[in-house]
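Please walk through the model below, looking at how two of its chains meet and at how a ligand is held.

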Amino acid sequence: MRTTKLEKKPVEVVNNSDLMLISKQSYAAIDKWIAKYHPENRQAAVIPALHIVQEENGGHLTIALMDELALYLNMPTIAVYEVASFYSMFEHKPIGKHKVSICTNISCMLRGSEEIVEHLKKKFAINLGETTTDGKFTVKEVECLGACVGAPMCLIGREYHEYLTPEKIDAILEKLE
Amino acid sequence: MVSIEIDGKKIQARDGALVIEAADDAGVYIPRFCYHKKLSIAANCRMCLIEVEKAAKPLPACATPVTDGMVIFTKSPKAIDAQKGVMEFLLINHPLDCPICDQGGECELQDIAMGYGSDVSKFTEKKRVVKDKNLGPLIATDMTRCIHCTRCVRFGAEVAGVRELGATGRGEHTEIGTYITSNVSSEMSGNVIDLCPVGALTSKPFRFSARAWELVERDTIAPHDCIGSNLKVHVCNGREVVRVVPRENEAINETWISDRDRFSYEALYSDDRLKTPMLKENGAWREVDWETALQAVIVGINKTITDSGADRVGALAAPTSTLEELYLMQKLMRQMGVNNIDHRLRQLDFSDQQQAPVFPWLGQPINNLENNNAVLLIGSNVRKDQPIAAHRLRKAGVRGSKIMTLNAVDYDFYMPIMAKIITSPMDYKHQLAGIAKALLAQTKQPAPNGFEKLVSKVKITASHQAIASALVEGSVSSVLLGPQAINHPEASTLRMLAQLITLLSQSQLGYLSEAGNSVGAWMAGMLPHRVAGGKDADKTGLNALEMLHKGLRAYVLLGVEPEIESAESVIASRALNDADFVVSLTSFSSEAMRQYADVMLPIAPFAETSATFINAEGQWQSVAGVVPPLGETRPAWKVLRVLGNLFGCSGFDYITSDDVLTEVKQLTKDCQTDNTVVWCCPAPITTNSNADILVRIAEVQMYAGDSLQRRAQALQNTHDADFAAIRINKACAKKFGLKDGVKATAAQNGTEITLPVVVDDNVSDNSVLIHCGLRDSAALSTDFTPISIRPV
Amino acid sequence: MANEVCFSTLHLDKSWALSTYQAAGGYAVWKRILKNKTSPDDIISELKTSALRGRGGAGFPTGLKWSFMPRNTPGQKYIVCNSDEGEPGTCKDRDILRYNPHALIEGMAIAGYTIGASIGYNYMRGEFYEPYDRFETALEEAYKAGILGKNIFKSGVDFDLHSHIGAGAYICGEETALLESLEGKKGLPRFKPPFPASYGLFGRPTTINNTETLASVPYILANGGKWFLELGRPNNGGSKLFSVSGHVNKPGNYEVPLGTPFAELLEMAGGVWKGKELKAVIPGGSSTPVLPAKIAMEMDMDYDSIAKAGSMLGAGSVIIMDETTCMVKTLGRLAYFYYDESCGQCTPCREGTGWLSRVVNRIEIGKGQQQDLDLLLDVAGKIGGRTICGLGDAAAMPVMSFLNHYRDEFQFHVDHKRCMV
Ligand SMILES: Cc1cc2nc3c(=O)[nH]c(=O)nc-3n(C[C@H](O)[C@H](O)[C@H](O)COP(=O)(O)O)c2cc1C
Ligand code: SF4
Ligand code: FES
């Protein structure tokens with residue numbers, strides 16, 4: 001006989017050994033986020049958790065990862081898909097090792113972001129949104145990243161690079177493994 | 001109340017009402033897409049924009065509450081301009097494929113667009129194309145037509161209780177769907193078809209079968225579960241049922257129906273449909289005319305009575321039969337001296353039938369379910385058994401009411417469950433005794449006669465305490481017995497204990513009975529011990545189980561397939577095959593029936609006959625037939641009337657079914673509606689006496705409850721129409737050496753069956769769930785009895 | 001007369017460190033409030049005196065906003081900081097997070113105390129990795145120093161502050177979309193009323209303010225509301241961060257008193273680059289109407305003056321365009337932005353922003369037709385004022401103002417299939 005008494009929905013206590021896709025370290029990082037909210041509001045951690053999971057997976061999300069996260073955060077899977085497909089930082093296809101997100105919005109445009117974009121397109125022989133054949137770079141056009149006084153700018157990995165010129169971005173990319 | 005003015009009309013509106021509600025009440029139509037009175041407010045379509053005096057911008061009527069003195073214009077130039085603007089936006093990406101759209105002629109978008117005249121759109125860009133989704137066998141999609149009102153998404157979250165559909169993506173790229181390929185599984189999913197204001201979500205079985213303007217709409221009642229949902233049937237060419245939609249009845253089904261009630265009509269045109277009377281002669285079936293068939297019945301029954309006596313004849317009826325049919329069947333039988341009459345085919349314990357209430361019922365109106373503060377469900381998978389009742393309970397649960405369960409399977413109820421006891425069916429009485437004992441201690445009331453001894457060995461657990469307190473504290477609380485309790489081998493004990501719990505906690509005792517006319521069958525006297533109106537019969541006949549066990553010489557069947565609908569399917573099958581004469585009044589024939597029957601009389605099913613159903617709350621609902629009976633089919637009440645006359649019985653001179661109804665009403669007008677019965681102490685309860693015995697949980701598979709559902713193809717293709725399997729939890733599976741997906745043999749009372757194993761941790765210990773109602777599991781003898789399992 | 005509020009410590013070494021902040025007098029206000037148990041009404045009244053208006057874009061008086069919180073209703077309340085900073089042209093909150101995070105922490109703590117919220121969240125846009133790290137470090141310092149947490153300085157007051165991050169969605173800057181996002185959902189703005197003060201984060205009463213607004217609070221309470229008011233102008237109190245971007249020699253964030261003439265601000269930013277002529281200015285971020293040089297050169301940088309000039313101060317994001325700027329192309333980029341960022345729930349915004357973007361683009365590439373100019377105005381008019389949130393208006397406004405002031409350029413594109421500049 002199993003007898004359980006429950007208040008509201010059960011807060012999942014997930015046994016990590018059952019869940020193979022997300023690492024213990026990532027779960028630990030996610031748990032830190034979860035701790036910021038009332039236990040009832042576990043779902044609030046979904047965006048940070050998706051970031052963590054995406055990073056661990058080399059830059060993109062998969063259905064299986066999202067499903068696992070849904071279970072962990074006690075959310076319907078569709079609710080995770082909704083979030084993951086709404087925010088532009090989440091990728092759903094494999095991307096290059098380095099994601100170069102170039103802002104082309106007004107302030108950057110006024111100061112020559114087009115030139116940077118053209119330069120990269122030519123340099124890598126790819127279009128925006130595509131990945132170099134060696135899988136090293138994905139160049140993505142993004143909306144304003146809130147660094148307009150440093151225009152033109154881009155985000156690579158976790159870092160902003162401002163006052164870009166074709167030469168400057170070459171030098172930055174050069175240094176990346 | 002506040003005074004407002006809409007389009008120059010001065011009206012009174014409820015405080016806090018939304019403008020759209022006040023306008024609807026006043027008969028002023030404001031166009032809308034996202035607004036639906038049963039769903040939360042989204043205010044996203046912007047179609048309902050109206051002008052309000054002193055407001056700078058147009059306001060959405062669906063999200064703006066009325067205020068005293070508010071002056072509203074719904075058709076002023078400003079309002080019309082705003083509405084037209086929205087319409088134009090909606091149409092830029094909407095395909096103009098109305099001629100081939102299933103929604104054509106009943107499309108809210110089309111209707112409203114027409115209302116604004118056909119402005120040529122200034123939009124010259126390409127239209128958006130959205131890939132279609134496969135949502136399963138019930139719902140067809142054409143997502144390019146979607147206008148993003150999100151009614152379907154909100155329905156899932158708020159009513160169905162499962163978020164399956166969502167809006168993924170962003171902005172113009174937002175798409176409604178499941179994101180990944182997956183079927184929607186809600187038992188209420190079909191309601192999104194009605195909710196969708198355009199042709200994005202339509203009925204898959206209905207697809208392309210008719211155009212809206214070829215259809216006429218007629219009213220009927222769903223016969224399947226004990227709710228009696230109100231339906232509208234769409235009839236093509238006056239002959240064929242092509243679609244079923246809800247008919248609003250706030251007190252019963254609100255604006256919803258279950259998928260079962262929506263799609264079962266497909267069975268009307270299944271290959272199994274019997275269209276002409278059939279007679280078996282020398283083992284061979286042939287089609288005959290009615291006269292020949294009826295004559296054969298007269299000869300067959302009379303011969304059995306003459307040869308073996310009337311007590312060797314039995315009558316079994318499905319509890320989904322109409323009140324008129326049930327009444328006439330028992331009347332006919334009794335006049336011929338046959339007292340073996342029953343409709344309780346799944347029942348196992350009849351020991352307390354003499355004390356039983358006149359009719360076991362819900363004990364309260366259906367809509368009162370949502371007012372309960374505490375509800376204990378016993379042996380009930382209410383979500384699948386009676387989806388509409390579950391919806392009411394869910395509303396209570398979501399509001400904070402304490403919903404509690406005692407079940408053998410940890411069902412996925414989509415509502416907060418305050419306490420649950422998941423245990424073997426053999427342990428139910430022990431658990432109920434514990435709750436009763438806790439209540440006695442809590443309320444300090446005197447124990448009824450013999451109770452102390454009964455429960456002396458029972459230990460009170462924290463769950464018992466919690467459930468007891470919740471029932472006591474709830475100002476409105478109920479204890480509801482579901483089919484698995486009603487049909488339990490110790491049902492009388494469970495009933496007695498449940499009643500004791502309700503008396504001690506001042507709760508309502510209720511029955512979530514099995515079928516559309518379970519209450520009607522009790523009222524009509526389709527019972528061995530009672531005649532219509534609950535009066536004792538002069539002579540008590542055999543109950544359904546005894547009739548099958550004893551092996552009678554002749555059986556009269558009404559809309560029933562006992563070989564899968566009886567609690568003892570193997571015995572039922574044997575009894576019918578061994579009988580000298582079996583006549584089946586039926587809408588369908590099956591291989592098994594052709595084996596055991598001698599005459600098959602085609603009777604009109606649901607929708608083809610006038611009918612009265614009494615639902616679980618005791619509501620009588622009468623409807624006319626909506627289409628003429630197919631082929632040579634005749635309404636069963638007429639067949640029974642003719643049989644009555646042919647047998648020379650008296651009182652069978654009815655001209656209309658109303659005459660029958662009037663007679664039943666007359667006989668039942670003094671019926672008492674009390675579920676409580678006199679205390680009668682059950683045998684003492686020892687602790688966990690059955691702890692180690694493996695028992696079969698006999699749950700009727702969701703879409704196997706009656707002959708219509710079993711033949712509705714689309715329903716049979718759903719997830720809920722699960723295949724027959726041995727469902728067992730991980731620990732038990734390990735104990736018996738079973739593996740998920742691998743076949744195993746189940747043995748019971750000398751019968752055996754081999755089925756795949758499904759490891760399901762929701763099944764309680766020492767139990768095996770093998771659904772019944774399925775031909776694939778019918779070779780196993782009995783519900784709720786010990787069973788053994790071994791790997792093949 | 002610059003850098004007197006949020007940027008007052010900017011010149012110091014490691015301006016973001018707790019020690020620097022405290023050496024400059026930081027957290028004195030917070031300690032004083034805790035010690036004296038200053039009444040929330042006094043704090044609110046000081047803010048009202050200061051005429052501090054929301055720095056997030058709408059310019060709503062902050063003291064008044066805080067007074068809307070139902071302080072006596074029991075249960076959890078929240079203070080939320082809007083560091084989503086997504087409006088094109090805006091990049092000031094990033095610098096507060098990077099260079100003066102403790103002012104924000106102190107401001108949020110004071111806000112929490114005032115409105116009765118024991119928990120705060122700072123919602124930063126997902127791309128702000130560096131600002132996030134700075135803020136997290138500052139939080140750690142503050143917790144370690146006992147400035148945050150339970151029973152702070154034995155006052156009996158609790159205040160917990162957490163970071164939260166987004167993941168790339170401009171709409172999450174809209175306050176109710178931000179709340180939805182913080183709850184772990186898509187950022188769909190909520191229909192108001194109810195306003196966050198009665199139904200906010202997780203359904204609880206919530207106050208939401210911009211980073212700059214909150215970071216200004218400690219300075220106001222330290223120096224007095226009157227001091228702050230007098231930095232600026234009546235009804236336009238204080239100084240304000242202006243992000244000057246585009247065609248200037250020294251783009252940057254400049255903190256100047258409200259009421260500073262635009263011409264002066266332009267000069268601080270080094271004037272128009274390459275010796276070019278000023279053509280147009282967007283004074284408050286991409287959603288605010290564009291102004292031709294002539295009008296801009298005569299206006300002062302405060303809420304009321306810019307409004308009089310026909311635009312809005314918004315978030316103080318001044319985008320400078322020189323004479324070589326193609327206004328069709330510029331509008332095209334903005335229109336695309338709103339199309340790209342519409343959350344998609346309201347019909348006019350979901351369907352209309354894409355339409356606008358496509359038509360402007362068509363005109364730019366020389367495929368426009370005469371009727372397209374009026375069509376743009378017509379479509380913009382059907383979006384503005386008819387949606388749940390301000391993004392609809394934000395998308396319509398540039399279209400209307402660009403066509404209003406530069407219709408001839410659009411006409412030229414239609415007539416000659418090319419640009420006139
Ligand atoms: C589409 C849209 C985007 C917005 N983006 C931001 C933003 O990035 N940062 C911000 O502080 N406020 C933004 N706002 C304004 C907020 O909704 C809100 O008014 C502000 O955070 C309130 O803070 P304040 O009173 O301190 O200005 C935005 C509003 C809209 C309609
Ligand atoms: S106006 Fe646009 S962004 Fe704002 S809620 Fe509506 S659809 Fe979303
Ligand atoms: S019905 Fe009011 S906005 Fe959709």
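The paragraphs below take the chain interface and then the ligand site.

This is a predicted model, in which local features need pLDDT of at least 70 and side-chain atom pairs count only at pLDDT 80 or more, while totals for chains, interfaces and linings use all residues. Residues are numbered from 1 along each chain as its sequence is written, and chains are lettered from A and ligands numbered from 1 in the order in which they are written.

Chain C puts 62 residues in contact with 40 residues of chain A, contact being heavy atoms within 4.5 Å. Together the two chains bury about 4,100 Å², 59% of it on carbon and sulfur atoms; this is the accessible area (1.4 Å probe) lost on being put together, summed over both parts. C:Y129, C:A167 and C:R333 supply 17% of the area that chain C buries against chain A, more than any other three residues.

Four salt bridges are found across this interface, each a side-chain nitrogen of Lys or Arg within 4 Å of a carboxyl oxygen of Asp or Glu. C:R94 forms a salt bridge with A:E162, with the closest N and O atoms 3.2 Å apart.

Ligand 1 is surrounded by 18 residues (a heavy atom within 4 Å), the closest being C:G56, C:K65, C:N209, C:N210 and C:T213. A backbone N or O atom of C:G56 lies 2.7 Å from an oxygen atom of ligand 1, and one of C:G173 lies 3.2 Å from a nitrogen atom of the ligand. Taken alone, ligand 1 exposes 610 Å², of which the protein buries 89% (Shrake-Rupley method, 1.4 Å probe).

Methods
Heavy atoms only, no water. Polar contact = N/O pair within 3.5 Å; in protein donor to acceptor, adjacent residues only side chain to side chain.
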